[in-house]
Amino acid sequence: MDIHEYQAKELFRKAGIPVPPGEVATSPEEAEAIARKLGGTVVVKAQVHTGGRGKAGGVKLADTPEEVRDEASRILGMSIKEFTVEKVLVTPAEDIEHEAYVGVLVDRSSQAPLFMVSPEGGVDIEEVAATNPEAIRKLPVDPRYGLLPHQALWLADFLYSDPSLVKQASKIIFQLYDAFHSNGCSLAEINPLIVTPTGEVKAIDAKVSVDENELFRLPDVAGYRDVEAEPWAEGRAREAELSFVKLDGNVGCCVNGAGLAMATMDLVKYYGGEPANFLDIGGSSNPDKVVAALEIITSDPNVNVILFNIFGGITRCDDVANGIVEAIRRIEIQPPIVIRLTGTNEEEALEILEGAGFSAHTSMDAVVERAVELAGSS
Ligand code: GDP
Ligand code: MN
């Protein structure tokens, strides 16, 4: 679950990280009032679940409360990537001498929390990784011991040469690990970590993703969920109790069982295609789940074909077939649908589908190959 910058900053403040104050507004008038209260030059920042807001015009400095109102009225309602801005953070503007990057994320290949720091902050860290990888220092953390003080110092030492700055940054890095760990994060990032002209180190941006599986034991963090700010498909999937992950390809996948869903994505890749999503409709399927799955898959404009791969055990193939027929009745579906389905009540399912004008097959290979073909040609 992604949370907003202002929420991430709350978590960082609780961990002791120096973060400038600020308040959130949902209207230009509110933004103006906050600016009056803060006094001086402020920054108006779009609160959306994506980076690159600066480049998109969603981060603006404003000298007077009137200017803040104008900037807020321009930023509220604007679109950044697929997100519409509903809230802005108004925060005092800082003078910046230097921008660094500090982040920690759960890393698959090191199978541990991995710190990444760079003296080249402010910009996209992926860009630095691609063009100038030597500018990034990395450190996997052994979760049994957490981050150790000398490790924090070693990371901070890569950012600055001045010992006073290194000391401040190592403390912040230490606190960042604490915030990351105690809030069940999969990612916690400060970009930029700034140095002010008076030699203070501060976090002026904050990005946090929380592992969904941690939320049941962290009610305060769970309360940060902003359904309106999340992609529509994610909310719909949660409501229908489907496990769904959006990907970048064009083969929409609807599968029962996480293992089969993974195998299906592998096979799509094997035949040269790219899956548009991971979607597991779960063990006991009812037609409503299939309808929801199709709504979710077809909400992605990249999807050129919809691939069903059902292995009927507890899931009954005829339930899935009924779901597909029901979905066609309820929603308009443009992309072609290819269906593989085998197992419990397979014959009933084939009959239902044929009656509705679909052809379904029992061979997984042939159907996936056909889906990839169709995805490429449309
Ligand atoms: P992002 O683009 O979504 O990562 O948003 P950031 O909060 O990181 O802001 C983008 C850039 O705007 C920063 O790298 C800074 O260069 C600039 N910026 C943000 N806040 C301030 C501020 O308080 N003062 C100044 N001078 N620049 C700022
Ligand atoms: Mn940033």
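Start by selecting ligand 1: 15 residues surround it, the closest being Lys45, Arg53, Gly54, Glu94 and Glu99 (a residue counts if one of its heavy atoms lies within 4 Å). The model is predicted, with local features needing pLDDT of at least 70 and side-chain atom pairs pLDDT 80 or more, while totals for chains, interfaces and linings use all residues. Residues are numbered from 1 along each chain as its sequence is written, chains are lettered from A and ligands numbered from 1 in the order written, and side-chain values use heavy atoms, without hydrogens and water.

Next, show Lys45, where a polar side-chain atom sits 2.6 Å from an oxygen atom of ligand 1. At Glu94, a polar backbone atom is 2.8 Å from a nitrogen atom of the ligand. At Glu99, a side-chain N or O atom lies 2.7 Å from a ligand oxygen atom. Alone, ligand 1 exposes 560 Å², and the protein buries 79% of that (Shrake-Rupley method, 1.4 Å probe).

Now select helix H2, residues 28-38 (helices are DSSP runs of H or I, at least four residues; strands are runs of E, at least two). Its buried residues are Pro28, Ala31, Glu32, Ile34 and Ala35 (buried is under 20% relative accessible area, exposed over 50%, with a 1.4 Å probe and protein chains only). Seen down the axis, they fall within an arc of 165°, so they line one face of H2 (the arc uses directions from the helix axis to the C-beta atoms). The face turned away carries the exposed residues Glu29 and Lys37.

Terms used. A polar contact is a pair of N or O atoms within 3.5 Å; within protein, one must be able to donate a hydrogen and the other to accept it, and residues adjacent in sequence count only if both atoms are side-chain atoms.
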